[in-house]
Amino acid sequence: MFCSHPGKRLIEHLKEVYQINQDKIDEEFKPCFKIISYCHDFGKFTSYFQRYLNTKKRGKFTDHGFLSALFAAFCSLKSFREDSFLPLISYSVVLHHHGDLENISEDLPSTMRVILDSDFRLAEKIEIAKEQINDIVKNKDLIKEEYSLLNFEDYFLEFLSCDIVDVLKSLKKLQIKMEMAKKENLYFIHQMLYSALISADKLSAAKIEIPNEMFAGFEVLNREREKGLKNKDMDINKIRSEIFEKIQKNTEKNYKNSKMFTITSPTGTGKTFAGFFAAVKLRELLGDNRRIIYSLPFTSIIEQNYDVLYRLHKNIEGFEKESGRYLLKHHSLANIKYESDEYDFDNLQSELLIENWSSGIVVTTFVQLFETLIGTRNRMLKKLINLKGSIIILDEIQAIDISLLPLVEFVLERACEIYDLRIIMMTATKPYILKNSIELLEDNQKYFSMFNRTTLLPELNNKKLSTFLDEFKERIEDKSYLIVCNTISSSLDVYNNLKGLNRPVFYLSTNLIPIHRRERIKNIKKLLDKGEKIILVSTQVVEAGVDVDFDVVIRDIGPLDSIIQCAGRCNRNGLKDNGLVYVYSLVPEDNDVLNFGFGKYVYGIPTLEITKKILKELQYSEGEYFDIVSDYFKLIQQDRSKEKSKKFINSIKTLNFSQETKDALPLYKFSLIEDNPGFMDAFVIYDDLAQSTFKRYCDMLKLTDYYDRRREYLEIKNIIRDYTVSLPIKYHSLFDEQFGLYILPRERVVDCYNEEIGFIRQEKSYDIF
């Protein structure tokens, strides 16, 4: 018996891979997906690979990707018309199904005529493939019998006698034509077929019973929403209800008129509910069970929004036993557990289902969403097939670097058409993308002008930190204060100067390990709810996903949309007198840093100059925020180069995954998170839990079986992250380097870390984070 994996019959695996995802493939591409599925592990029919399954000893003839890709290309060349690019796509998809994507040209001849000396890597692969074919010929009759179960035996017999160099030359001809044609839809077709293959391949290999997604209806969920409404007569809750109803009515009215919608509404007006229910209504109006993807910029907000959606579903009969099928969260810090009473999944199987987005509703990050739509990473791309037909909620899209927004817009618009997506973009500070979308709260400016919760007070002449602190202490009132600084250095200076005041003063930044940040936020919220007049000194970590409500907010100058986000942490529910939001331009004592002081390190001067240009008046009421933010984004878009987006778009049009040119950035370089090579992650052994987790980590590394190691890692990964802090690499000498981790041993914690401010920085610096 020929096996694909231990105990798994190869021909059954090929059949399963096709069956798992065939219903998600457009009719036009099903014949191609069938070829890809039936050919992707063809190279496993060699006696070399079958021996490897028993011995686990690899050799140059055990690799099966190249031979399988040649077989897929051969079948596609036979099946599709001469001008079709599907043979090229089949070749690429199968070739890379066990790794990340690279340019197809890397595994094709340099010319259409001959294999050159410079093609030595390819020439070696060809020689190996020929030997593998000779080996397969020895078992030709047995393999023919296997492929006859798929009605594929004729392809198989023809391939054994073909010239594989001719196959490669035909592919080279198509590759040259493709790069000249620049047909952008080819990228989306390629990614869809690649995702369909790799997700089905992994699910079949893992022998998982794939659970059906489950969905709750609008009326059922809305009853739960209404049960949870409190203080309905409060003015702000009346406004929230009015906004909610308008958005649902406009969804019903416009659902056939577009695939892209926006909801632009002030902070604190219930966009989470309104947008989610618009998606549920849209799903029902379209008449099919479409997956809802709720995407947000930060992991901290995901937990908050997931909990809201969980509570809506909680009283549905049987929900808690089957919660994974209704609703899951997917981000780097999420626990790996897929809840289903019908199936018992271990953490490896759970990880696969979560990463595959096998649920009716998925709450996830922009990183997970956009690095699936744009990119080359196998692990990210396997869930792309489950994006097809989805309704995607984008919450606070302005958090994405504005230089990437033209790329995001390009991809979303085309993905809507090719993958039949629906987009609902929600924001209080709407950037200028998806200009052809329909606004579901069409009279939104009215709501911006209704609110008078806060007043923005810019004081933008450069002010030394010591001067600001002296003035603050002189003017302090019986109010709660949030002070948001741009750098760790300045935030620590402010905190150390104020902590002697006769009131509670707290510190919050990424200088604290996550477990201490969460405890700090919980404590702060509790005190604020009691009406305590506390002071919180923070960095930008407080801007999103931290639901706090202060009397006064003070913010060192940053991008205007970030300042407005901070304003949303002041007088949030409008229950107090008008909240004041001060904006300063703080500079270090030596004032060596010209223009904008600390802000320069984080945002660069051009962004801050535009903010300063917009904030010319002495004060702005909340009703004016909409207009000034609109003006800000217009100027930002004029100022910010679109070159980066153009270069990625050029790569999409030519399937350029791995080669940088003057006109193109390869897609493997796309990332929403900027690389920060000057930083390191350090594990702080602060307490008994961290100590025992580090021991488990060391023991895990001794396990020889990959799957055993992975299972153990999934058990401890979130604890490791809870005790990990990101620091400038210059502090590396304070840590021990063990097993690939920087470790702060428990005996040195007292000198280098405390729960009050986190890592103790020994020298003056302008560290950003």
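This is a predicted model: local features need pLDDT of at least 70, side-chain atom pairs count only at pLDDT 80 or more; totals for chains, interfaces and linings use all residues.
**Exercise 1. Classify the pair formed by Phe2 and Phe45, and say which parts of the chain the pair links.**

Solution. Let's begin with the setting: the structure holds 42 aromatic pairs. In the pair of Phe2 and Phe45, the ring centres are 5.2 Å apart and the planes make an angle of 70°. Planes over 60 degrees apart count as edge-to-face, and that is the class of this pair. Next, place the residues: Phe2 is in the segment before strand E1 (3–5), while Phe45 is in the loop between helix H2 (30–39) and helix H3 (47–55). The two are 43 residues apart, so the pair links distant parts of the chain.

**Exercise 2. Are Phe2 and Phe45 buried or exposed?**

Solution. The cut-off to apply is that buried means under 20% relative accessible area. Phe2 has 11% relative accessibility, so Phe2 counts as buried. Phe45 has a relative accessible area of 0%, so Phe45 is buried as well.

**Exercise 3. Work out the class of the pair Phe448 and Phe626, then locate both residues.**

Solution. Start with the geometry: the ring centres of Phe448 and Phe626 lie 4.7 Å apart, with the planes at 55°. Planes under 30 degrees apart would be stacked and those over 60 edge-to-face, so the pair at 55° is tilted. Now for the location: Phe448 belongs to helix H20 (residues 444–450) and Phe626 to helix H27 (residues 625–639), so the pair ties together parts 178 residues apart in sequence. To finish, check accessibility: Phe448 and Phe626 are both buried.

Notes
Residues are numbered from 1 along each chain as its sequence is written. Side-chain values use heavy atoms; hydrogens and water are left out. Rings of Phe, Tyr and Trp (its six-membered ring) pair if their centres lie within 6.5 Å; planes under 30 degrees apart count as stacked, over 60 as edge-to-face and the rest as tilted. Helices (H or I, at least four residues) and strands (E, at least two) are DSSP runs, numbered from the N terminus. Buried means under 20% relative accessible area, exposed over 50%, partly exposed in between (1.4 Å probe, protein chains only).
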